[in-house]
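Please read the points below with the model open beside them. They are notes for someone meeting this entry for the first time.

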Amino acid sequence: MKKYNLMKLIKPFLLGVAGISVTTLAFKQLPTRKFIDASNMDTSVSPGDNFYLYANGGWLKKNPIPASETRWGSFNELIKHNNDELQNLLQQASKSKAAMGTDEQKVGDFYTSGMDSLSIEKAGMKPISADLARIAAIKDSKGILNEVAFEHSQGNSPLFNFFVYQDDKNSSEVISQLSQGGLGLPDRDYYFKDDDRTKNIRAEYVKYLSAMFSLIGDDAAKAQANANAVMKLETALASASMTRVELRDPNKVYHKMTIAELNAITPAINWNDLLPRMMVNGVNNVLVRQPNFYKEVNKQLSATSLADWKAYLRWNTAKNAAPFLSSSFVSENFNFYGKVLTGQKMMKPRKERVATVIDGSMGEVLGKLYVDKNFKPEAKARMMQLIENLSQTYEQRIKRLDWMSETTKDKAIAKLHAFIRKIGYPDKWKDYSSVQTSRSSYYKNVQECNRFDYNYMIHKLGKPVDKTEWGMTPPTVNAYYNPVVNEIVFPAGILQFPFFDFEADDAINYGGIGGVIGHEMTHGFDDEGRQYDAQGNLKDWWTAEDATNFNARAKMVVDQFNGYSVLNGTTHVNGQLTLGENLADLGGINIAYEAFKKTKQGQSNEKIDGFTPDQRFFLSWAQVWRANIRDEAQAQRIVTDPHSPGMYRCNGPLSNMPEFYAAFGVKEGDKMWKPEAQRAKVW
Ligand SMILES: [Zn+2]
């Protein structure tokens, strides 16, 4: 999915865990646990000063980040546990001698090929030598474009991103879409920021590029020159790329063009020729997300020399393949993308990496094996009930809003009622029968899946939208809202403690998965989602006055999060980048709380393990967010992640909630206390 940038279109609960998975502990025989464990807390911190540390301080001290991780928290523990489970499934499949073409054979042989480090080592760069030879033979800029198109047809994405997805303004049809891309650094800002950390990353990036060119056969001088050329071209592309804040405005990235109009803004590119080379035939219109980016590509086709373009393509080939080639490629790749960018000290073991790759490549084949063993219908029934409770509460809250007109309220409620609810795993599995894997080449298996995904995607053109599709694999520890389908989706992987447990009291489940459900629902009404209607069309359904009122309330959340400092005060949260997620957290926890108050436990005052029902609800929300994170990884997320750091996802919404103040006796003078007029309240 990330290959086609769909993660940018859907709204995941958190970033960086999609495609990594977890098992549902709820169905394992585990000793009865304490759902709120006092030894994980730090009662030397006042809950009104820093609730996150009060709730999690003990856990944070006991759980340093393992060398092979960049962040360690509730999510990561589950991810790790599940990866072990996936490895078990894959090992069994690889030993099963399953018949050719069965699910077991497909994932089992894929796994065997990935674990065969001897063959991988022996092959060296051979798996990409034909690609490099093809690039070496290119004679002109037309040849460059043809190669880019060919790579796209193979499921790779050099230079730009192409995908087939729903038309935001006509959500019942899919359309070909072009968006910015082509960069090796995590964001366009990395090419321009002039703080020491970013300058060092740029210097290390050029070293890394040079090392990769050496690995594919360049002498030292040539490798250095090619590294500089790639950096120069990428900087030009970055300069014409939108910032992440700009990308959050759905109207700013909606430019529907005929092929003739697109050809007119990129005269050096004949899309009538290029699209068929990408196996895209018979299309009249394209959604161009960032026209300026394509104008820059057009400009660079003459401004950048043929030799430098060829260097850029060779680099893209090497970068894509590096994780699946011999150890020298894997190490260089890890050294930059792991160590330098995120502070990761050690690579994860091969079996763990291979399991993650197969989850990403054949997630619905592996996911089928996974749910057969791990998922029970009772979980789905319980989730349906929770979603229904939250939905009814949401409706009541909309009706009570004092800042919205009745006409807009009616439309908001209609949209709420239209949410498609997906739980656990797809009703209809993706058909992988045409995919063939073998034990002979790991890289070939990965490429086979890339090609399959690409083919699968372009065959959607001209067909009705399939709303049964999923954007995450079943074992993923995450959830999402998708504005063009108006759906909320909860994979099996997130339905476990600390989010959800059959044996837990309601306070735990409402403070955990209840908050997640409310979060995803609120994405339908955050600053981006509210611009889409009940049918998933980008179409304004608000009165001007209601929109003004909404924006004034959202502005309070922007200001609140801009005020949160990170990395010892050297930087701060970007309130505008994280607005949608912060609104979703604020709405989510408020709605979950009100729904919880309707339960028997919510109406009682009976303590469990020393805590009142309300206290347990808020402690449950807090423990979802406990995590230690490396400075390097935190710095990267501040630039790239639309979610705020865990501590602020915990404390930010609660500091706006009088119910939280009451539960823990928060009073004026406490650090989280705010005067009533400054407390943000939207949904
Ligand atoms: Zn979200």
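1. Glutamate 448 is buried, with a relative accessible area of 19%. Buried stands for under 20% relative accessible area, exposed for over 50%, and partly exposed for what lies in between (1.4 Å probe, protein chains only). Arginine 451, at 29% relative accessibility, counts as partly exposed. The two form a salt bridge, with 3.4 Å between the closest N and O atoms; the term requires a side-chain nitrogen of Lys or Arg within 4 Å of a carboxyl oxygen of Asp or Glu. Glutamate 448 and arginine 451 are three residues apart in helix H19 (residues 442-458), so about one helical turn separates them. Helices are DSSP runs (H or I, at least four residues), numbered from the N terminus.

2. On the basis of these notes: the model is predicted, local features need pLDDT of at least 70, side-chain atom pairs count only at pLDDT 80 or more, and totals for chains, interfaces and linings use all residues. Residues are numbered from 1 along each chain as its sequence is written, and side-chain values use heavy atoms, with hydrogens and water left out.

3. The structure holds 36 salt bridges. One of them joins aspartate 273 to arginine 277, the closest N and O atoms being 3.1 Å apart. Both residues lie in helix H11 (residues 271-277), four residues apart, about one turn of the helix. Aspartate 273 is partly exposed at 25% relative accessibility, and arginine 277 is partly exposed at 36%.

4. Arginine 188 and aspartate 189 also meet through their side chains in a salt bridge (3.1 Å, N to O). Arginine 188 is buried, with a relative accessible area of 16%, whereas aspartate 189 is partly exposed at 24%.

5. Which residues hold the zinc ion? Its protein donors are His519 (NE2), His523 (NE2) and Glu581 (OE), at 2.0 to 2.1 Å. Donors are N, O and S atoms within 2.8 Å of the metal (3.2 Å for Na, K and Ca); water is not among the atoms, so sites may look incomplete. The donor residues follow the spacing H-x3-H-x57-E in sequence. Histidine 523 belongs to helix H20 (residues 506-523) and glutamate 581 to helix H22 (residues 579-596), so the pair ties together parts that are 58 residues apart in sequence. Histidine 523 is buried, with a relative accessible area of 1%, and glutamate 581 is buried at 5%.

6. The chain is divided into domain 1 (27-71 + 373-425 + 480-678) and domain 2 (125-324); the bounds come from an automatic or database domain assignment. Taken over C-alpha atoms, the centres of domain 1 and domain 2 are separated by 37 Å. In contact (heavy atoms within 4.5 Å) are 23 residues of domain 1 and 17 residues of domain 2.

7. How much area do domain 1 and domain 2 bury between them? The figure is about 1,700 Å², 52% of it on carbon and sulfur atoms; buried area is the accessible area (1.4 Å probe) that two parts lose on being put together, summed over both. In domain 1, Val484, Leu538 and Val639 lose the most area to domain 2, together 33% of what that side buries.

8. Two salt bridges are found across the interface of domain 1 and domain 2. Helices H22 and H24 (631-640) each supply at least two residues of the side of domain 1 that touches domain 2. The largest share of that side, six residues, comes from H24.
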